[in-house]
Amino acid sequence: MQERLNTDGSIASLVAQFVPLKVETDGPNWGQWATKYRHEGTGIPILYVIRADGEKLYGQSGSKEGAELPQFLITHLRNSGTIFNNQQLATIKSVVDDVNKSLAEKDEFTAVKRAYTLSKLGTPGKLGSYATIAKEADEQYVKLVEQGKAALSDAQRKLTGDDKFAGVLGVVSASRIYGVIPDLKKDLVSAERDLGKNAELKPLVQAAESLDRALALAGQKMPTLQKQGITVLAAIVSRNANPAATKIAKAKLAELGADVPAATATPKGPRTWTDTTGKFKIEAELVRVADGKVELKKPDGTVVNVPLDKLSAADQAAATGK
Amino acid sequence: MRLHSPFVFPLAAAIAAYASAVATAEVLTIEQAQALSKETGRPMLVMAGSKT
């Protein structure tokens, strides 16, 4: 059988998928081997198939001859997980390295995109190989999926709190980063659709999308892309259409050491103002802020004064432009 | 012999060693075969018999 394994061309492609090993039953290593891998039957040769994770798939006395040998090899390959060729393993290694690099640079978008390229070799996260690098790729992908789930869950939690813009931005950002992952796509699309259906949140979506794109660009290593991001962030600050977006854009510009332009405008037109409890809401246009009070003009023309500190944090920021 | 060898081949070295071993029908040690199997995901096909 040993001779045939080495010389029979008709089974060469099957044999090539195994790592061949000869163990001498009268050699110094036999005792330890035989203790770890028990076999059935008596006499030699003894044939074993040991899966890459060390699991014994077969261990019996006697060889396999004739048509029994290729069938034996096929049967055990089926139980050995996905066998990748050397080129495929090199591809997986390259992807794992790239993903780790992107994650180290906090570029989750590129990491997810790169990790998903393994779909050409199988189902990412379930490659099903016992090769060390393939298992690492599976673990890495599963971790990215978990991160995506956590990001969406965090965003949805924020949507129920005071800082709704942070929640909208979280949903938009999670969709951009993790939207390629089939396990998450449905939930992300559904979360985005819910934003569009909510009268309070819908107006925030456009500002969030614009800010998310700008933040993503500003976080790029390529100077031209980063510059584009900085330009858009500066425009968001100047326009001051959404105070929460302005605040985040300002912080990012400061973090990048870029010039932070002055916010030249206060919100124009009517908007919904909410108090600190979230229970009281009023549709009105900002007239001015003076002496700790916010003057608001309702659509019917009546003017009301509300103490600034009674407004929600987001509305205080909207009123003061900070 | 260490059946739980901490010896780990870098992938490129493992692939090169595997290709070389297969091409030349080189006899692998147990540690080498286990490391190659782990790195490449290929199962080991083991023949145990007498040297003589």
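A few ground rules come first. Residues are numbered from 1 along each chain as its sequence is written, and chains are lettered from A and ligands numbered from 1 in the order in which they are written. Because the model is predicted, local features need pLDDT of at least 70, side-chain atom pairs count only at pLDDT 80 or more, and totals for chains, interfaces and linings use all residues, while side-chain values use heavy atoms, with hydrogens and water left out.

Chain B has two helices and one strand, helices (H or I, at least four residues) and strands (E, at least two) being DSSP runs numbered from the N terminus. Along the sequence, the pattern reads α-α-β. Chain B has 52 residues, and 50% of them count as buried; here buried means under 20% relative accessible area, exposed means over 50%, and partly exposed is in between (1.4 Å probe, protein chains only).

The strand of chain B, S1(B), pairs with two strands of chain A, where pairing takes at least two DSSP bridges between the strands. With strand S2 of chain A (residues 46-50), S1(B) runs antiparallel, joined by five bridges. With strand S1 of chain A (residues 19-24), S1(B) pairs in the parallel sense, over six bridges. Here Glu24(A) faces Gly49(B).

How many of the six residues of S1(B) are buried? Six of the six are, so S1(B) is largely enclosed by the rest of the structure. Met44(B), Val46(B) and Ala48(B) point one way from the strand, Leu45(B), Met47(B) and Gly49(B) point the other way, and all are buried.

Zooming out to the whole interface, 28 residues of chain B are in contact with 44 residues of chain A, contact meaning heavy atoms within 4.5 Å. The size of an interface is often given as the accessible area lost when the parts come together. For chains B and A, the buried area is about 3,500 Å², with 63% of it on carbon and sulfur atoms; this is the accessible area (1.4 Å probe) that the two parts lose on being put together, summed over both. On the chain B side, Pro43(B), Leu45(B) and Met47(B) lose the most area to chain A, together 23% of what that side buries.

The elements of chain B that give two or more residues to the side touching chain A are helix H1 (11-24), helix H2 (30-40) and strand S1 (44-49). H2(B) gives the most, with eight residues. By class, that side of chain B has 15 nonpolar, nine polar and four charged residues. Nonpolar covers Ala, Val, Leu, Ile, Met, Phe, Trp, Tyr, Cys and Pro, charged covers Asp, Glu, Lys and Arg, and the others, Gly among them, count as polar.

What about specific pairs across the interface? The salt bridge count between chain B and chain A is zero, a salt bridge being a side-chain nitrogen of Lys or Arg within 4 Å of a carboxyl oxygen of Asp or Glu. Polar contacts do turn up, with 15 residue pairs across the interface (both at pLDDT 80 or more). A polar contact is a pair of N or O atoms within 3.5 Å; within protein, one must be able to donate a hydrogen and the other to accept it, and residues adjacent in sequence count only if both atoms are side-chain atoms.

Chain A has some backbone details of its own. The peptide bond from Ile44(A) to Pro45(A) is cis, with omega near 0°, and Pro45(A) belongs to the loop between helix H3 (30-36) and S2 of chain A. Lys106(A), not a glycine, has a positive phi of about 60°. Lys106(A) lies in the loop between helix H5 (86-104) and helix H6 (108-116), and is exposed, at 68% relative accessible area. Asn240(A), also a residue other than glycine, has a positive phi near 50°. Asn240(A) is in the loop between helix H11 (223-239) and helix H12 (243-256), but is buried, at 2%.
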